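Visitor: I would like to learn how to read a structure like this one, feature by feature. Could you take me through it slowly, giving the general idea and then the case at hand?

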Amino acid sequence: MTIPLLAYTPSSQNQRVKGFEVPGDETPRIYTTEGTPSRGDMDDLIWAAYRQIFNEQQILVSNRLPRLESQLKSRSLTVRDFIRGLATSDTFRIRNYNVNNNYRFVEMCVQRLLGRKVYNQRETMAWSIVLATKGLNGFIDTLLNSDEYQQHFGDNTVPYQRRRILPQHSKGELPFARMSRYGTDYRDKLPKPVSLGADGLFTQFEKFDFQTFKQRADWNRASIVLLSILTIIVLFLLFSETNRLFLS
């Protein structure tokens, strides 16, 4: 039995209020396949999709999905299907889902797929329940099939940060791409930089002691490595001698 989405009350965020803005640097550019986009327009759209889903910190050649790109260019996929493929890919799972707790991952996906911040903690909890019960693919499908996504982006438009412009402010909201891709609970587990003392970098290493070395050394592996090196040397010498005799 599927658990229904927990009810939550939307707050009056900026993107929910209709208004009139003069186009400028803070106005997001809309990438869509409606009409007849050129090849350059499709390349720009694909780049925008990667930037929106993977974030600029994760745009690498190794993270590209050529098969999905080809299907999108041939119109075998809609933009929404392409976004679904990016958000359910192994790369997105490894670089975003595996390094975050469910709450942080939900906030990230709402930003990147729905183009807004979460309304409140109750909405975060509601989507976290969906993620926990349906898994990553089911959670992404639920977001992309939601009325909110269909209303603002549909099948042909790349999601974008909606209405960053704030009334009576000189600058808009901080772009989502500049936010950390993982939460503090994972960040605290990362290796911390070593502060160098007066003796320099080598103060962080344990001083060499021969008795300690003899106790900790794995002599079985060391003997195997030594025998392997001696065997390679003997074979190299035999090969060199054979080659010399053959040439003479």
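Visitor: Let me start with one side chain: which residues does F139 touch, leaving aside those up to four places away in sequence?

Guide: This is a predicted model, and in it F139 touches F105, V106, C109, W127, V130, L131 and K134, once residues up to four places away in sequence are set aside. F139 also belongs to the largest nonpolar core, which has 37 residues, and F82, I83, F139 and I140 are the members that touch the most others. That core draws at least two residues from each of α1 (39-53), α2 (66-73), α3 (79-87), α5 (102-114) and α6 (121-144), with the largest share, eight residues, coming from α6.

Visitor: How many helices and strands does the protein chain have?

Guide: The protein chain has 10 helices and zero strands, so that the pattern along the sequence reads α-α-α-α-α-α-α-α-α-α. Buried residues make up 32% of its 248 residues, and of the contacts with a separation of 6 or more, 69% are between residues 24 or more positions apart.

Visitor: How should I read a pair of aromatic rings, and how many aromatic pairs are there here?

Guide: A pair of aromatic rings is described by two values, the distance between the centres and the angle between the planes. Here the count comes to nine aromatic pairs. One of them joins Y50 and F82 in an edge-to-face arrangement, with 6.1 Å from centre to centre and 85° between the planes. This pair links distant parts of the chain, since Y50 is in helix α1 and F82 in helix α3, 32 residues apart. Both Y50 and F82 are buried, and they belong to one aromatic cluster together with F54, F92, Y97, F105, W127 and F139.

Visitor: Is L68 buried or exposed, and what does it touch?

Guide: L68, which lies in helix α2, counts as buried because its relative accessible area is 10%, where the cut-off for buried is under 20%. Not counting residues up to four places away in sequence, L68 touches L77, F82, G85 and L86. The C-alpha atoms of L68 and G85 are 7.2 Å apart in space, although the two residues are 17 apart in sequence.

Visitor: Now to charged side chains: what is the general idea, and how many salt bridges does the structure hold?

Guide: Side chains of opposite charge can pair when their charged atoms come close. The structure holds nine salt bridges, and one of them is between K73 and D43, whose closest N and O atoms are 3.2 Å apart. Because K73 lies in helix α2 and D43 in helix α1, this pair ties together parts that are 30 residues apart in sequence. K73 is partly exposed at 40% relative accessible area, and D43 is partly exposed at 34%.

Visitor: Where do the partners R116 and E148 lie?

Guide: The side chains of R116 and E148 meet in a salt bridge at 2.6 Å, N to O, and this pair links distant parts of the chain, with R116 in the loop between α5 and α6 and E148 in helix α7 (residues 147-152), 32 residues apart. Both R116 and E148 are buried, and salt bridges with shared partners join R116, E123, E148 and R162 into one network.

Visitor: Finally, which residues form the nonpolar patch on the surface?

Guide: The patch is formed by V225, L226, L227, I229, L230, I233, F236 and L237, which together have about 790 Å² of accessible area. I229, one of these residues, lies in helix α10 (residues 219-247) and is partly exposed, with a relative accessible area of 43%.

Conventions:
Residues numbered from 1 in each chain as written. Predicted model: local features only at pLDDT ≥ 70, side-chain atom pairs only at ≥ 80, totals over all residues. Heavy atoms only, no water. Core = buried A, V, L, I, M, F, W, Y, C linked by side-chain atoms within 4.5 Å. Buried < 20%, exposed > 50% of the residue type's maximum accessible area, 1.4 Å probe, protein only. Helix = DSSP H or I, 4+ residues; strand = E, 2+ residues; numbered from the N terminus. Contact = heavy atoms within 4.5 Å. Patch = residues over 30% accessible without salt bridge, like charges linked within 9 Å, V, L, I, M, F, W, Y side chains within 5 Å. Areas by Shrake-Rupley, 256 points an atom, 1.4 Å probe, with all protein chains shown as cover. Salt bridge = Lys/Arg side-chain N within 4 Å of Asp/Glu carboxyl O. Phe/Tyr/Trp six-rings, centres within 6.5 Å; stacked < 30°, edge-to-face > 60°.
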